[in-house]
Amino acid sequence: MGRAGTIARRTFLVGSVAVVGGVAFGAYVYKRPVKNPLEADLQPGEATFNPFVKVDAQGVTLITPRADVGQGAYSIQAHLLAEELDVDLAEVRIDPGMPSPAYYNSVVAAEGFPIAATSDSLMARTGRGAAEVAAKVLGLQLTGGSSTVPDMYDRLRHAGAVARETLLAAAARQTGLDRDQLSTDKGAVVLPDGMRLAYADLAATAAEIAPVQDVTLRDPSEWRALGKAHMRTDTVAKSTGTQLYGVDMWMEGMVHATTRTNPALGGGILGYDAGEAEKMRGVRAILPISSGFAVVADNTWRAFRAADAVKPDWGPSPYTGDSAAQFAAVAASLVADRQDSRFKDEGDVDSALESGEVLEAEYRIPYLAHAPLEPMSVVVHLADGVLDIWTGTQIPRFVQDGAAAVAGIEPDAVRVHVLMSGGSFGRRLEDDYVRQAVEIAVQMPDTPIKMVWTREEDMTHDFPRPLAIGRARGAVRDGQVAAYDLGIAAPSVAASSLGRLGQPVIGPDVAIVAGAWDQPYAIPDYRVTGYRVPPMVPVSSWRSVGASGNGFLHETFLDELCHAAGADPLEERLRLCWHATSRKVLEAVGDMSNWGSDLGTGRGRGVAFTLSFGVPVAEVVEVTQTERGLRIDKVFVAADVGRVLDPVNFEAQLSGGVIWGLGHAMNCELTYVDGAAQQNNFHAFEGMRLYQTPQITIRGLENGDRIRGIGEPGVPPAAPALGNAIFAATGQRIRELPFSKHVDFA
């Protein structure tokens with residue numbers, strides 16, 4: 001990719017103005033076919049029909065370019081291709097491929113626009129179209145925002161169908177039979193007499209044929225795998241401990257490195273004494289890097305030990321460094337001068353709040369670390385002006401650009417080999433650890449270097465979910481919720497993340513109010529305002545991004561209003577909800593949980609609903625007071641993704657989202673002293689324990705008009721449903737996370 005392309009793609013990301021510009025100049029480019037990156041290395045006898053399928057004498061390779069961070073992305077992409085191509089996944093190779101503009105993501109681009117998922121207005125359709133055009137023109141390859149399935153659903157099935165029809169054409173040419181006499185089955189073309197021609201045996205002929213573009217996708221009623229429960233392609237490897245993750249990468253002649261940077265974020269390093277460390281067994285080198293130092297040794301453990309022996313002289317953090325001061329800065333930002341957005345402004349809120357029973361409340365949510373189980377790791381090798389990178393990443397093209405800048409070479413000279421990740425939750429949308437490793441590689445060329453962070457380095461140098469404060473006012477009349485006014489103040493994820501790319505951000509940040517402004521409630525006087533807090537600790541996307549915290553703010557206050565009105569929380573939500581698909585989700589969770597039945601003394605049931613990433617999700621949590629504290633007994637979840645492609649993975653993703661959301665709401669926060677995070681490992685950042693995990697019941701609905709992803713939407717309703725359940729059981733309304741500051745959990 002040339003430099004101009006790099007600049008253009010980044011420019012798109014910095015704001016809506018750039019997006020509009022991208023659409024304008026890209027209309028012509030958008031209509032051109034996407035260049036197939038597989039053609040660059042095609043050997044004689046190999047055939048490729050599009051960027052997602054390659055066939056050679058050894059068999060079929062399916063390209064699955066969306067990163068797999070544990071959500072089953074490789075598996076679902078392969079199944080979408082295989083459904084139309086008629087191949088058995090056990091017989092094919094699956095490869096994430098190399099970074100390419102061909103693997104752009106148009107759905108995730110739309111998340112940056114203030115477009116309500118429930119809107120089908122001309123403006124909404126135009127905005128989504130603009131996002132798709134810009135993403136394609138600029139080659140935005142990114143995994144996130146539960147976008148893999150909605151973005152790839154049509155493209156991968158079409159790619160599989162094109163490959164199938166081209167192989168059928170090759171078989172017709174090779175046998176002299178008519179195309180209509182042929183069929184396909186499990187990686188072979190079947191002749192009228194039952195004879196089978198393996199796809200691999202047709203590769204050479206297929207390579208001579210222009211791909212057949214006039215294809216018809218199979219009706220879902222004809223699907224063999226999609227829509228049914230099947231084993232994920234990584235199930236066996238992960239169940240037997242043989243799955244290779246980024247941290248398992250090994251190369252002959254490899255050395256091992258780790259790094260340390262200032263715990264007080266942004267403080268830099270004034271100098272260091274490496275005298276003792278240099279004498280330690282196995283240490284090869286101690287090298288300076290930006291804001292810190294690196295230790296290179298003959299194994300990772302010795303690198304860790306030597307890094308502990310280095311005596312650094314850290315500088316002071318330039319950021320607002322203490323949690324109390326950070327929250328004070330957030331509170332001070334809830335003023336007109338800091339207003340960032342007001343995408344929801346219906347009725348006359350100010351007049352509505354001048355009379356009647358008015359409620360006011362303030363809520364707080366803390367910083368949260370991503371804390372993937374697999375800490376950041378990468379293998380880099382710089383030789384002969386070419387840089388190879390092996391790592392688990394959600395942004396391979398940005399890694400390519402960033403590494404090239406550090407190494408002083410062109411992006412085309414950087415090859416990013418994407419590996420399976422042991423979790424991410426948004427952490428692998430950053431490339432800071434790769435840049436550090438490249439700094440080492442520049443100082444040690446011709447040497448494969450494996451760089452691994454300690455857990456402590458990972459958690460204390462995370463770019464966390466931002467803290468936030470929500471101030472709410474509302475009114476009830478005649479037993480109903482009548483007015484709702486919510487102001488949310490938080491630092492901007494977009495400004496922080498893109499700022500690390502050295503780019504400005506234009507326009508409001510939708511993430512500050514996501515999961516609040518776009519909820520399908522017909523409250524007569526209804527307003528949601530976003531306030532941007534001046535930059536403090538650098539932040540980034542965390543699983544379900546803005547909705548992760550805003551679901552708690554919005555749904556807890558709505559629950560308070562329901563109770564103040566004397567209304568049933570579920571019935572009042574149903575009364576207010578104007579969106580038919582969302583109403584059915586609420587009705588389903590009520591049916592599943594036997595809502596309204598008596599749970600008995602010391603028990604409570606709470607409901608919450610959040611529509612995020614286009615997916616309406618309703619959850620009911622049941623809790624019981626015990627002598628040891630509150631026990632979470634059951635969780636009921638109803639969600640609508642338009643079409644469930646894999647019921648087992650659908651349930652797994654929602655269950656994981658619930659456990660993730662509840663665990664963090666119960667116990668987790670990242671606090672700072674002098675700019676340094678105080679929680680550095682799981683003993684101080686403890687999620688839900690196995691014995692605390694409730695019985696979870698999932699129901700998938702298919703009433704939506706568009707297919708959606710499910711990796712993130714299960715998270716936002718979990719915290720408010722738990723908080724509302726605690727109130728129902730104890731009468732205690734908790735407006736601050738984590739809940740463990742106020743109650744004990746059994």
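I shall speak about the domains, then one interface, and then the salt bridges.

Please bear in mind throughout that this is a predicted model. The chain is divided into four parts: domain 1 (1-31), domain 2 (47-105 + 141-240), domain 3 (246-294 + 305-313 + 372-461) and domain 4 (323-369 + 463-741).

Let me turn to the interface between domain 3 and domain 4. Their centres, taken over C-alpha atoms, are separated by 36 Å. In contact across the boundary are 17 residues of domain 3 and 22 residues of domain 4. Together the two domains bury about 1500 Å², and carbon and sulfur atoms give 65% of that area. On the side of domain 3, Phe425, Glu430 and Met459 supply 41% of the area buried against domain 4, more than any other three residues.

Helix H14 (432-443) and helix H15 (455-460) each supply at least two residues of the side of domain 3 that touches domain 4, and H15 gives the largest share, with 4 residues. By class, that side has 8 nonpolar, 3 polar and 6 charged residues.

I now come to the salt bridges of the whole structure, which number 47. In one of them, Asp151 pairs with Arg66, with the closest N and O atoms 3.0 Å apart. Asp151 is in helix H6 (residues 148-175), while Arg66 is in the loop between strand E3 (59-63) and helix H3 (73-85), 85 residues apart. Are these two residues buried or exposed? Asp151 is buried, because its relative accessible area is 5%, and Arg66 counts as buried at 0%.

Glu84 and Arg164 form another salt bridge, at 2.9 Å between the closest N and O atoms. Since Glu84 lies in helix H3 and Arg164 in helix H6, the pair ties together parts that are 80 residues apart in sequence. Glu84 is buried at 0% relative accessibility, and Arg164 is buried at 6%.

A further salt bridge joins Arg573 to Glu555, with a closest N to O distance of 2.8 Å. Arg573 belongs to helix H18 (residues 569-576) and Glu555 to helix H17 (residues 545-565), so this pair ties together parts 18 residues apart in sequence. Both Arg573 and Glu555 are buried.

Finally, a network of salt bridges links Arg603, Arg605, Glu622, Arg631 and Asp633.

Notes
Residues are numbered from 1 along each chain as its sequence is written. This is a predicted model: local features need pLDDT of at least 70, side-chain atom pairs count only at pLDDT 80 or more; totals for chains, interfaces and linings use all residues. Side-chain values use heavy atoms; hydrogens and water are left out. Domain bounds come from an automatic or database domain assignment. Contact means heavy atoms within 4.5 Å. Buried area is the accessible area (1.4 Å probe) that two parts lose on being put together, summed over both. Ala, Val, Leu, Ile, Met, Phe, Trp, Tyr, Cys and Pro count as nonpolar, Asp, Glu, Lys and Arg as charged, and the others, Gly among them, as polar. A salt bridge is a side-chain nitrogen of Lys or Arg within 4 Å of a carboxyl oxygen of Asp or Glu. Buried means under 20% relative accessible area, exposed over 50%, partly exposed in between (1.4 Å probe, protein chains only).
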